Amino acid sequence: MKTTLFSLAAFFFLFTAVRAQSLDYGVKAGLNISSIGGDANFGVDPNTVNGDQEASTSSRTTVHFGFFAQYTLDEQWAFRPELIYSAQGGTLSYSGVFSGFTITTTSDIRLDYLQLPLLGVYTPLNGLQLQAGPQLGLLINAEAETTLAGNGDSENSTEDIKDSVNGFDFGVALGASYQLQATGFFFDARYSLGLSNINDSEGDQSNQNNVFQLGVGYRFN
């Protein structure tokens, strides 16, 4: 809760500080294609399958939405804080042989964050903006939906894993956007690379968030 209030306070402080200056603001939303990097056993207990195991990971397609403020420094440079809800995670699977049967354990990891990107913006051409900067993330929900399948049967379960996930995430965001001429609409693409370990379970496993975003937004000025 304290971290949430700090993030909100930081955003609105920046908003207030630049309000009397050259300020644009707007809203945005779009798709996330997210994955969990690092050790393959995040969210899946390898003890559920005995024998030789083959691990695989895949991405999860979700959504993001939020709003932003953009303070123009000069014709080419600007500063842009955002406050974004971002649904992330990924799918991890193990397969192996247990008592003569092939057993597959699949875990759909669902991680929901409140993100605060703090971006420097460079405009090399009219309408085109390049963005880069640090990104802070506050975990607001974490669960794993696990399916155990084999021998013609399957078993599903959903577990709250918030205690096993670091409540704070840090990374860098790199992206670009294009503003349609004579309108407030823009399209953007961004890649968020996690730098901190989100795995807070016992052991020495290390995992990071990786998210590719495609979005559309509207900029008021």
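## Basis of the report

The model is predicted: local features need pLDDT of at least 70, side-chain atom pairs count only at pLDDT 80 or more, and totals for chains, interfaces and linings use all residues. Residues are numbered from 1 along each chain as its sequence is written, and side-chain values use heavy atoms, without hydrogens and water.

## Overall architecture

The chain contains one helix and ten strands, where helices (H or I, at least four residues) and strands (E, at least two) are DSSP runs numbered from the N terminus.

Of the 221 residues, 42% are buried. When contacts (heavy atoms within 4.5 Å) between residues at least 6 apart in sequence are considered, 70% join residues at least 24 apart.

## Aromatic pairs

Six aromatic pairs are found in the whole structure. Rings of Phe, Tyr and Trp (its six-membered ring) pair if their centres lie within 6.5 Å; planes under 30 degrees apart are stacked, over 60 edge-to-face, and the rest tilted. Phenylalanine 68 and phenylalanine 186 form an edge-to-face pair, at 5.7 Å centre to centre with 75 degrees between the planes. Since phenylalanine 68 belongs to strand β3 (residues 60–72) and phenylalanine 186 to strand β9, this pair ties together parts 118 residues apart in sequence. Both of these phenylalanines are buried.

The ring centres of tryptophan 77 and tyrosine 122 are 4.8 Å apart and their planes stand at 40 degrees, so this pair is tilted. It links tryptophan 77 in strand β4 with tyrosine 122 in strand β5, 45 residues apart.

## The largest cavity

The largest cavity has 22 lining residues, with Gln88, Gln115, Gln135, Ser192 and Gln213 nearest its centre. On a 1 Å grid over the protein atoms alone, a cavity is a set of points where a 1.4 Å probe fits but cannot get out, and lining residues have an atom within 4 Å of a point.

Strands giving two or more residues to this lining include β4 (77–98), β5 (101–125) and β6 (128–150).

How values were computed: Buried means under 20% relative accessible area, exposed over 50%, partly exposed in between (1.4 Å probe, protein chains only). On a 1 Å grid over the protein atoms alone, a cavity is a set of points where a 1.4 Å probe fits but cannot get out, and a pocket is an open set with protein on both sides within 12 Å along at least five of seven lines; lining residues have an atom within 4 Å of a point.
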